[in-house]
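Here are my notes from going through the model you sent over. Have it open while you read, and tell me if anything looks off to you.

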Amino acid sequence: MQRIFSGIQPSGIPTLGNYLGAIRNWVALQQDHECLFCVVDLHAITTWQDPATLRAATRELAASIIACGIDPRAHVLFHQSAVHAHVRLSWIFNCVARLGWLNRMTQFKDKAGKDREQVSSGLYVYPNLMAADIHAYHATRVPVGDDQRQHLELANDIGQKFNHDFGVEFFPVIEPLILGPAARVMSLRDGSKKMSKSDPSDQSRINLTDDADTIAAKIRRARTDPEPLPHEPQGLEGRPEARNLVGIMAALLDQDAAAVLREHGGKGFSAFKESLAALVVEKLEPIAAETRRLLADPGTLDSILRDGAARAAAIADPIVAEAERLVGFLKV
Ligand code: AMP
Ligand code: TRP
């Protein structure tokens with residue numbers, strides 16, 4: 001059975017983009033994989049996080065992952081800072097990855113923007129830590145949204161360079177799993193930006209904890225163009241906002257855009273948005289309710305995370321100890 005690893009940052013409330021691009025696919029993969037799912041708090045602090053907010057967001061994210069359908073007993077759910085193997089291996093990888101490789105990372109360029117001199121050095125080596133997350137478990141399949149493809153290529157470059165430098169076949173090749181029609185859900189305010197939990201505008205995203213009225217209002221106000229919906233997917237060309245809303249509906253119904261347009265083609269956006277809002281509410285309401293129920297009992301939630309961290313460490317510690325031995329660290 002192949003081992004899956006994936007991670008998500010506790011840098012805010014998870015969005016519909018995280019659900020459709022990531023967590024929903026994780027739920028399906030549980031059937032026939034051994035899975036590790038990680039709340040990556042070490043990654044989150046590459047940009048400023050208020051400490052109390054970070055602690056709360058770590059619990060909230062763990063609760064929503066379980067509420068989406070992840071089974072923390074059959075699989076492993078934990079937070080990254082609780083397993084030291086990640087940091088140990090990431091230091092080794094900082095010394096394996098080349099500056100030239102990191103300089104090509106588009107997510108760093110996007111996140112650093114014009115302010116490159118002022119961002120943390122952690123943001124720069126973020127992809128090395130992500131490579132360590134995966135390789136510390138010898139995981140071979142990594143489900144992510146489309147935006148993470150380049151980081152996974154880098155993780156493979158790092159694993160292969162380590163193998164080459166030390167003359168071993170130690171780290172396996174990782175296969176990215178970029179699944180589903182909604183691998184990239186876009187902002188409701190700007191069809192060229194991805195929906196993100198760290199976007200300053202709350203109107204740009206649907207949070208997994210939004211109530212029905214908030215969801216309906218955000219969809220009603222979502223940016224669109226004045227044309228009615230086309231009858232075929234080709235008609236979405238050059239209409240990123242329309243494409244995004246159709247894509248969200250298709251993903252939630254497990255259909256493709258063509259099927260959605262067969263039903264809704266020719267309609268104006270106000271009618272389409274009403275149908276979409278009802279569908280999003282129907283799918284997210286039970287998740288929000290279950291998240292609230294789990295958060296009402298933080299003791300149980302913490303014990304799930306503690307147990308997950310112990311099981312994660314039992315897998316990662318021997319692998320990272322072997323990597324350290326290969327590097328030449330004296331074990332006494
Ligand atoms: P992050 O929110 O950056 O921690 O991302 C966690 C996971 O959600 C990753 O697999 C991302 O690729 C995925 N993801 C984040 N935002 C989106 C989005 N707008 N559309 C699709 N997938 C997303
Ligand atoms: N960088 C990923 C993101 O922002 C999150 C992440 C961290 C991750 N470590 C990972 C994803 C390991 C997959 C595997 O989306």
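Predicted model: local features only at pLDDT ≥ 70, side-chain atom pairs only at ≥ 80, totals over all residues.

1. Let's begin with ligand 2. It has 13 residues around it, and the closest are Q9, Y126, M130, D133 and Q148. Which elements give two or more residues to that shell? They are strand 1 (3-8) and helix 7. Helix 7 gives the most, with 4 residues.

2. Now the polar contacts to ligand 2. D133 has a polar side-chain atom 2.7 Å from a nitrogen atom of the ligand. Q148 also brings a polar side-chain atom to a ligand nitrogen, at 3.1 Å. With Q9 the ligand atom is an oxygen, and it sits 3.4 Å from an N or O atom of the Q9 side chain. How much of ligand 2 does the protein bury? Taken alone the ligand exposes 370 Å², and 91% of that is buried by the protein.

3. On to the rings. I'd look at the aromatic pairs, of which the count is 10. One of them is F108 with Y124, an edge-to-face pair with the ring centres 5.1 Å apart and 75 degrees between the planes. F108 belongs to helix 6 (residues 106-112) and Y124 to helix 7 (residues 121-135), so this pair ties together parts that are 16 residues apart in sequence. Is F108 buried or exposed? Its relative accessibility is 11%, and the cut-off for buried is under 20%, so F108 counts as buried.

4. Another pair worth a look is F162 with F171. This one is edge-to-face as well, at 4.9 Å centre to centre with 70 degrees between the planes. Both of these residues are buried. They also belong to a cluster, in which ring pairs link F93, F162, F166, F170 and F171.

Key. Residues numbered from 1 in each chain as written. Chains lettered and ligands numbered in written order. Heavy atoms only, no water. Phe/Tyr/Trp six-rings, centres within 6.5 Å; stacked < 30°, edge-to-face > 60°. Buried < 20%, exposed > 50% of the residue type's maximum accessible area, 1.4 Å probe, protein only. Near = heavy atom within 4 Å. Polar contact = N/O pair within 3.5 Å; in protein donor to acceptor, adjacent residues only side chain to side chain. Areas by Shrake-Rupley, 256 points an atom, 1.4 Å probe, with all protein chains shown as cover.
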